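Here is a short report on one model. It moves from strands to the ligand shell, then to helices and loops.

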Amino acid sequence: MTTTPTRASAAGADTAPAPGPAGPAGATGRLPLADRSDVRAWTGVFLRGEAPRLALTFGLFAAALVASLVGPRLLGHLVESVKDGTTADRVDVLALAFVAVLACQTLLARAARTQATLLGERVLARTRENFVRRVLALPLSEVEAVGTGDLLSRATTDADRLNESIRQAVPRIALAAVTLVFTFAAILLTSPLLALGLLAGVPFAVLSTWWYRPRATRAYELLLAQEADVLAVTHETARGAATAEALGLGPRQARRHGAAVDGVVRTRQRTTWLQTIWFPSLDLATMVPMALTLLIGGLAYQRGEVGLAELTAVVLYVQALGEPLNDLLTWTDELQIGNAALRRILGVERLPREEPRPPAPTDGHAIRLEGVGFGYGAGREVLTGIDLDIAAGERLVVVGASGAGKSTLGKLLAGVHHPTRGTVRIGGADITALPVGQLRREIVLVTQEQHVFTGTVRDNLLLAGEQDRAEDTAEDADRATEADTPLWKALESVLLADWVRSLPEGLDSEIGPGAALVSPSHAQQLALARLLLSDPYALVLDEATALLDSTASRRVERSLAALIEGRTVVSIVHRLDSVRDADRIAVMDGGRIVELGSHDELLAANGAYAALWHAWDTARRPGPRT
Ligand SMILES: Nc1ncnc2c1ncn2[C@@H]1O[C@H](COP(=O)(O)OP(=O)(O)OP(=O)(O)O)[C@@H](O)[C@H]1O
């Protein structure tokens, strides 16, 4: 079962969630997008941080470019020399020079591409690290509100697109732009008259791009968001496959997936349609001036205004314009996608941060809820007017019909959500003022969900930043054995020691996704052992064994017995098997606590609890068969 501190521990910061159950993500169901100023700021940091590498990359590209421009001039001279009559030696020299320039150009272009790739990978790695660090610092309620699909797609597909942009689009566009400028300058130097014709393309290019850009930006932003929706449905379906199958939700999930995919297809059709207007306009913007230049060149040559060498060079230059223009066209579009991806990746920066908080003084470990109310997002209150005192060491069971608000109460007790009204206090301190580290030493929520992290059994037990200690001690066998003692004790307590011993490398065996599979009950026992090691004062157990079959459930319940010893325990239950052992029972209905007392007191009161108990008691007894 998942223990909520895991994310906070991974963040490694002693921080607490920002107040409020749902921020911007909660209100919209999607993470926000960064705006242009954020992208500009990011670009500024990128340019400053990578200035030397950028200069080297562009320097290499420029050198390759100059080499590529020398080639046509040499060929021009060659053609003119042959026409005017020359020696074979001169032809050889010119041909050799041409080959040498070509080789230089190839080597320089190769070095430039390598630099661009390294640059892209560096920037991407840093952006990804920042993204993950930022996500880990998000209040858990934000992550819950937005779901994992949007986060996943930003960290994977969007990051890949940004990578593609930095690695390919940025250098190619820069190279194409510089090539165009240099080539134009070369034409201008060769023959200003012939250069004039090329300007005819400028109005076509400017007008069509001015029309296309804002439309394409919106379409690409929508496309990435819709792709995130597809990922979210796919992820949800895969994660809840067992529930979907049990409840026959397959067709419903298929419909949702189909609708999400339809959205993507529609937007792709729109982007393709936009391209079918823009691309031909740009083609026109390149073909018309090229044709014009050649026409002017032909006429000027006939009238003796330009020589054959100039005309040959200009014809080659004009031809050489085709590739950079094509690159500019294709990669500018790719850059738009990269820009949309970057806005999504940087969007997490707009969410509230978990600010570091100083430790709050507490007096004991009693829990007190005063006038607590809570609603998800802007919706109705699902908890209202809750007043509750839980003494340190008390066992409280929470029962009630489905939707009564039991799990929500559990999340408020553990500080996963903060009340929208009233206060939750632990040891007299407002829970919202406690840093996460301190909060998790006080109280932890244990749910039905479990997660085994990829790594060794030891890593899984020592989550919470204690791996370093384990790595240090691994060098010294005696100290390692000593350090392992509490781990084995915890594993013994949750009845998992035999299982770990049976693994090929004991505590050092790799488990989790991609390694040895762990059964749900073992995963839950592992999480309980982890909890034993982190040793919180209070536990909220939310249906901890509800999803297990009865044998596994009995095994985990026996493991739980070791964990709850000596702690404050709030158990949220559907089955009433063990409610009699509780000190008190809270009955919830419609978001309120309607009854509170011991089993005997509540039976004597003959109210809601008595009705629940009798119904459950009758159902579990074997009745007369008819
Ligand atoms: N993440 C959420 N967003 C919006 N509403 C929610 C969310 N989680 C629960 N609710 C709503 O809050 C109310 C209380 O739900 P809660 O899960 O706390 O009840 P419960 O008593 O634990 O039910 P169950 O026994 O079925 O788990 C329900 O109306 C539920 O639909």
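Strand β6 (residues 443-446) is covered on both faces. I443 and L445 on one side, and V444 and V446 on the other, are all buried. Buried means that 20 or more other C-beta atoms lie within 10 Å of the residue's own; exposed means 12 or fewer, partly exposed lies in between, and C-beta atoms are placed from the backbone. In a regular strand the side chains alternate between the two faces of the sheet.

β6 pairs with strand β9 (residues 538-542) in the parallel sense, over 4 bridges. I443 stands opposite A538 in β9. Strands count as paired if DSSP finds at least two bridges between them. Helices (H or I, at least four residues) and strands (E, at least two) are DSSP runs, numbered from the N terminus.

## Basis of the model

This is a predicted model: local features need pLDDT of at least 70, side-chain atom pairs count only at pLDDT 80 or more, and totals for chains, interfaces and linings use all residues. Residues are numbered from 1 along each chain as its sequence is written.

The residues around the ligand are Y376, V382, G400, S402, G403, A404, G405, K406, S407 and T408. A residue is placed there if its C-beta atom, placed from the backbone, lies within 6 Å of the molecule. By class, the shell has 3 nonpolar, 6 polar and 1 charged residues. Ala, Val, Leu, Ile, Met, Phe, Trp, Tyr, Cys and Pro count as nonpolar, Asp, Glu, Lys and Arg as charged, and the others, Gly among them, as polar.

Helix α13 (residues 406-413) gives the largest share of this shell, 3 residues. 8 of the 8 residues of α13 are buried, so the helix is largely enclosed by the rest of the structure. Among the buried residues are K406, S407 and T408. Just after α13, G415 takes a positive phi of about 75 degrees.

## The antiparallel sheet

4 strands form an open sheet in the order β2-β1-β4-β5, with antiparallel pairing. The edge strands are β2 (381-390) and β5 (429-430), each pairing on one side only. Strand β4 (residues 421-426) meets β5 over 2 bridges in the antiparallel sense. R425 stands opposite D430 in β5.

## Helices α9 and α11

Helix α9 (residues 202-239) packs on helix α11 (residues 250-302) at an angle of about 160 degrees, with the axes 9 Å apart. That makes α9 roughly antiparallel to α11. Axes are lines fitted to C-alpha atoms, for helices over the stretch in contact, and angles run from 0 to 180 degrees between N-to-C directions. Angles under 35 degrees count as roughly parallel, over 145 as roughly antiparallel, 65 to 115 as roughly perpendicular and the rest as oblique.

By class, the contact of α9 with α11 has 18 nonpolar, 10 polar and 6 charged residues.

## Positive phi in two loops

L495 has a positive phi of about 60 degrees although it is not a glycine. L495 lies in the loop between α17 (477-493) and α18 (497-502). L495 is partly exposed, with 19 other C-beta atoms within 10 Å.

D535, a residue other than glycine, has a positive phi near 55 degrees. D535 sits in the loop between α19 (520-534) and β9. D535 is partly exposed, with 13 other C-beta atoms within 10 Å.
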